[in-house]
Amino acid sequence: MPTIRPSADLRNSYNEISEFCHIYSEPVYITKNGRGDLAVLSIEAYEKLCGKYELYRLLYEGLEAEKDGHVRQYREAMTDIRNSLDV
């Protein structure tokens, strides 16, 4: 179940919200006038989320390249990489 707090808690209970985010690695949803406004995460959880997003983007890019026929054999690609490192 999501943790939902009013915006006033950012000012009045910041340490409690911060501790929750660090312990549980889950967002705290902040409301303003009874409506969703923000999601607060620890830096660690945010970076992990961004890393997953980047991985999914790269996987999608690779799948699209394969679908479009823009692929090479592994050995050919590795040979090119090794040759570029020898320069």
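Rings of Phe, Tyr and Trp (its six-membered ring) count as a pair if their centres lie within 6.5 Å; planes under 30 degrees apart are stacked, over 60 edge-to-face, and the rest tilted. The model is predicted, so local features need pLDDT of at least 70 and side-chain atom pairs pLDDT 80 or more, while totals for chains, interfaces and linings use all residues. Residues are numbered from 1 along each chain as its sequence is written, and side-chain values use heavy atoms, without hydrogens and water.

**Exercise 1.** Find how many aromatic pairs the structure holds.

Solution. The structure holds one aromatic pair. Phenylalanine 20 and tyrosine 24 form this pair, with 4.8 Å centre to centre and 40 degrees between the planes, which is tilted. Both residues belong to helix 2 (residues 14-24) and are four residues apart, so about one helical turn separates them. Helices are DSSP runs of H or I with at least four residues, strands runs of E with at least two, numbered from the N terminus.

**Exercise 2.** Work out the strand order of the open sheet.

Solution. The three strands have the order 1-2-3, with mixed pairing. Strand 1 (3-6) and strand 3 (35-40) each have a single partner strand, so they stand at the edges. Strands pair if DSSP finds at least two bridges between them; strands 1 and 2 run parallel and are joined by four. Isoleucine 4 stands opposite tyrosine 29 in strand 2.

**Exercise 3.** Decide whether threonine 31 is buried or exposed.

Solution. Threonine 31 lies in strand 2 (residues 28-32). Its relative accessibility is 18%. Buried means under 20% relative accessible area, exposed over 50%, partly exposed in between (1.4 Å probe, protein chains only). Threonine 31 is therefore buried.
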